[in-house]
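Reader: Hi! Could you walk me through a few local features of this one?

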Amino acid sequence: MEGKMYSFESRVRFSETDQDRRLTLGAIVDYFQDCSTFQSEDLGVGIVPLRERNLVWVLSYWQIIIDEYPLLGDEITICTHPHEFRGFMGLRNFYLKNAGGELTVRANSLWTLLDSNTMRPKRIPEDILGLYTLEEKIPMHYASRKVALTGEETGLRPIPVEKRHLDCNGHVNNGQYIHIAGLFLPEEKEVHQLRAEYRAQAHLGDIFYPYQYIDGEKIIITLCNRNKQPYVIVEFM
């Protein structure tokens, strides 16, 4: 089975929307993560087969551009395809289409394959590479994968990692970092671009020490350990 552009259809649920009936940013991240997971599962290289080989994919970077937020009840199509493999890294596009076929949300991402015993990068095996078909990068502005900390710093209230934040790999789910960082955004701010640089994995019992940086239209939230080393740096624009 060959992995070309992969997609699935859905309809925006009430449980996925905010007070304005719009699909939340966290729900968009969840849809994208589900889409790539479905593709890997269908290709036979999902969570369990990789675990049996002591392999795991971890997300290193997100860039998401939102032109229009889908509304409650809207029919949507979520799509993904890889556009580059490089050693132990895979770069993958995601996009969300409305019922008319227009791209309303588009994203780029960087994933790293790790040896789950050592948690060190592992070169992608040829049999896994052979399952995927690379496609052209979708048209969008590709920003730097490094998120700079600019603007005045403000310390925020600590948040403990709870069971509800974890996924089946035993660490905080990628989307949960975005959800937690988003808790510190002013309600009147509408996000049109997100960049997230993942630095380290957080586990049950860890505590996030958040810091906020405001620089014009950018709000940057870091979720750090007690030594101020970031687990993730999230930039909202």
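Predicted model: local features only at pLDDT ≥ 70, side-chain atom pairs only at ≥ 80, totals over all residues.

Reader: Great. Is strand S11 mostly enclosed or open, and why?

Author: Strand S11, residues 218-224, is largely enclosed by the rest of the structure because six of its seven residues are buried.

Reader: And which way does S10 pair with S11?

Author: Strand S10 (residues 207-215) pairs with S11 in the antiparallel sense, over seven bridges. Ile214 has Ile219 in S11 as its bridge partner. The two strands form a hairpin with two residues between them, and Gly216 in that turn has a positive phi of about 65°.

Reader: How many bridges are there between S11 and S12?

Author: There are six, again antiparallel, with S12 covering residues 230-236. Cys224 has Pro230 in S12 as its bridge partner. This hairpin has five residues between the strands, and Lys228 takes a positive phi near 70°.

Reader: You mentioned Cys224. Is Cys224 buried or exposed?

Author: Cys224 is buried, at 2% relative accessible area. Cys168, by contrast, counts as exposed at 51%.

Reader: Switching topic: what caps the N-terminal end of H4?

Author: Asn173 does, with a side-chain oxygen 2.9 Å from the backbone nitrogen of Gly175. Helix H4 spans residues 174-182, and its buried residues include Gly175, Tyr177 and Ile178.

Definitions and conventions
Residues numbered from 1 in each chain as written. Heavy atoms only, no water. Buried < 20%, exposed > 50% of the residue type's maximum accessible area, 1.4 Å probe, protein only. Helix = DSSP H or I, 4+ residues; strand = E, 2+ residues; numbered from the N terminus. Pairing = 2+ DSSP bridges. Polar contact = N/O pair within 3.5 Å; in protein donor to acceptor, adjacent residues only side chain to side chain.
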